[in-house]
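Keep the viewer open as you read.

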Amino acid sequence: MIIIGIAGGTGSGKTTVVKRIIESLSENEVAVLPLDSYYKDSSHIPMEERQNINFDHPNAFDWELLSKHITMLRNGEAIEQPIYSYITSTRQKETIHIEPRKVVIIEGILALSDKKLRKLMDLRIFVDADPDERLIRVIQRDVIERGRTAEAVMERYVKVLKPMHLEFIEPAKRVADLIIPQGGHNEKAIRILKLYIEKILGR
């Protein structure tokens, strides 16, 4: 089994890189654990206070549970991946059953931020992209998928996303084994990454 961590700023192209890796593998060879699924449950916090939760800070995640699940998968045990609701900021009663796979990918903005989790990874990747490009993608995504106005997205970018990126996400480059510039558009880097994974899998 190979455990891969893929981090990078919001809108950097992490999801595209993950999709390209998955394309080269069969369905029963890979499992993807989105870091967003491991936000701490906030059901004990009053609804109005949940609006103030900083979801771009390391403290928002349940690192202990994620490390436990990665260890279980490596030991050949299945896990029940949490499902997190952005609407209510709570963990749902339902879970997603995940069986051990040859390739396990942990993907999220802060996937490389926890020291204990990093030690469980065989390969650490940072997906990089120009800040202007990331902002454009964030605006497009949040306006279309989350019903926000462009003004609200830009305000959140300046107040939360940018400072959190500089403080917690950008430093992850120093602990990455591979940095992919230009995000999901870097065909050569993605091809090299695929070849590396195939070699580990003995192909």
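A search of the whole structure turns up one cavity of 30 Å³ or more. Here a cavity is a set of points, on a 1 Å grid over the protein atoms alone, where a 1.4 Å probe fits but cannot get out, and its lining residues have an atom within 4 Å of a point. The largest cavity has a volume of about 60 Å³, where volume is the space filled by probe spheres set on the points, and points are joined across faces, edges and corners. Before going further, please keep in mind that this is a predicted model: local features need pLDDT of at least 70, side-chain atom pairs count only at pLDDT 80 or more, and totals for chains, interfaces and linings use all residues. Residues are numbered from 1 along each chain as its sequence is written, and side-chain values use heavy atoms, with hydrogens and water left out.

Which residues line the largest cavity? They are G9, T10, D56, R134, V138, Y157, L161, K162, H165 and I169. Two elements give two or more residues to this lining, helix 5 (131–145) and helix 6 (150–169); helices (H or I, at least four residues) and strands (E, at least two) are DSSP runs, numbered from the N terminus. Helix 6 gives the most, with five residues.

One of the lining residues, T10, is found in the loop between strand 1 and helix 1. T10 is buried, with a relative accessible area of 13%; buried means under 20%, exposed over 50% and partly exposed in between, with a 1.4 Å probe and protein chains only. Leaving aside neighbours within four places in sequence, T10 is in contact with D56, I109, R134, V138, R141 and L161, contact meaning heavy atoms within 4.5 Å. G11 lies in that loop between strand 1 and helix 1 too, and at 18% relative accessibility it counts as buried. With neighbours within four places set aside, G11 is in contact with R134, R137 and V138. The C-alpha atoms of G11 and E133 are separated by 7.7 Å, though these residues are 122 apart along the chain.

Now follow the chain into helix 1 (residues 14–23), where K14, V17, V18, R20 and I21 are buried. Seen down the helix axis, these buried residues fall within an arc of 160°, so they line one face of helix 1; the arc is that of the directions from the helix axis to the C-beta atoms. On the other side of helix 1, K19 and E23 are exposed. What covers the buried residues of helix 1 includes strand 1 (2–8), strand 2 (30–34), strand 5 (103–107), strand 6 (123–127), strand 7 (178–180) and helix 7 (187–200).

How confident is the predictor, and where? The chain averages a pLDDT of 88, and 99% of the residues score at least 70, pLDDT being the predictor's confidence in each residue, from 0 to 100. Among the elements of the chain, helix 5 has the lowest mean pLDDT (75), while helix 3 (residues 63–74) has the highest (97).

I136 is found in helix 5 and, at 48% relative accessibility, counts as partly exposed. The C-alpha atoms of I136 and S26, 110 residues apart along the chain, are separated by 33 Å. S67 lies in helix 3 and counts as buried at 1% relative accessibility. Apart from neighbours within four places in sequence, S67 is in contact with D114, K116, L117 and L120.

Finish at S89, in the loop between strand 3 (79–85) and strand 4 (90–98). S89 is buried, with a relative accessible area of 7%, and its phi is near 55°, a positive value in a residue other than glycine.

How values were computed
1 Å grid on protein atoms, 1.4 Å probe; cavity = no way out; pocket = protein on both sides within 12 Å on 5 of 7 lines; lining within 4 Å.
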